[in-house]
Amino acid sequence: MSDNPIQSFVHTLQNVSNLMQTKFSNFLGQPYQPSPTCKRPLFSLSSSLSKVNPSETDSATQGQDILNKKKPAAPVTKEELGRATWTFLHTLAAQYPENPTRQQKKDVKELMAILSRMYPCQECADHFKEVLRANPVQAGSHAEFSQWMCHVHNVVNRSLGKLVFPCERVDARWGKLECEHRACDLLGTTDFGGD
């Protein structure tokens, strides 16, 4: 991979996508086993749902029917987007290494800067820029980054009149992902041009 932080971000999203597909497949009773030779589409649920009922010929329609039973199709709300973003960011912090490379530190800082510029809610993006100016990213270790993430989330929650989370419990709430053979670890040094 190159030094492009977007590629690093996309790779992380692919790892999260695979985990989500695994969990969803397990929920449906169909184990998810990604093929090492086949790249699965990012965030594709239809492939995970295709074996729910083997007699069905239109698995994508069937998967959509399952999803629609829970909630009718509608645009994502600002609150749903926020919850999903915080879930991703806290999960990223939980996976962040104790001794990150220079490139990993640079990437995580750039990711926060990108979010503050490209977040789909302009009001939220502008607020996040202010939060970052007052609370620069601290990413020297896993503990430092996860505590920083918790603190920043609490800053946002306070501004919204929401309860704050006790940061001493952040690891209990957002512990490392359960992945076999360390498959969820962030990739290290040379893949991203780090030290």
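Colleague: To which residue does a disulfide join Cys 150, and at what S to S distance?

Modeller: The model is predicted, with local features requiring pLDDT of at least 70 and side-chain atom pairs pLDDT 80 or more, while totals for chains, interfaces and linings use all residues. Residues are numbered from 1 along each chain as its sequence is written, and side-chain values use heavy atoms, without hydrogens and water. A disulfide is a pair of cysteine sulfur atoms within 2.5 Å. For Cys 150 the partner is Cys 167, with S to S 2.2 Å.

Colleague: Which parts of the chain does the pair of Cys 150 and Cys 167 link, and how many residues apart are they?

Modeller: Helices (H or I, at least four residues) are DSSP runs, numbered from the N terminus. Cys 150 lies in helix α7 and Cys 167 in the loop between α7 and α8 (170-173), so the pair links distant parts of the chain, 17 residues apart.

Colleague: Why does Cys 150 count as buried?

Modeller: Buried means under 20% relative accessible area, exposed over 50%, and partly exposed in between (1.4 Å probe, protein chains only). Cys 150 counts as buried because its relative accessibility is 2%.

Colleague: What is the handedness of the link of Cys 121 and Cys 124?

Modeller: A disulfide joins Cys 121 to Cys 124, with S to S 2.4 Å. The angle about the S-S bond is 70°, and the link is right-handed.

Colleague: With which residues is Met 149 in contact, leaving aside its neighbours within four places in sequence?

Modeller: Contact means heavy atoms within 4.5 Å. Beyond those neighbours, the contacts of Met 149 are Trp 86, Leu 89, His 90, Ala 93 and Met 112.

Methods. Helix = DSSP H or I, 4+ residues; strand = E, 2+ residues; numbered from the N terminus.
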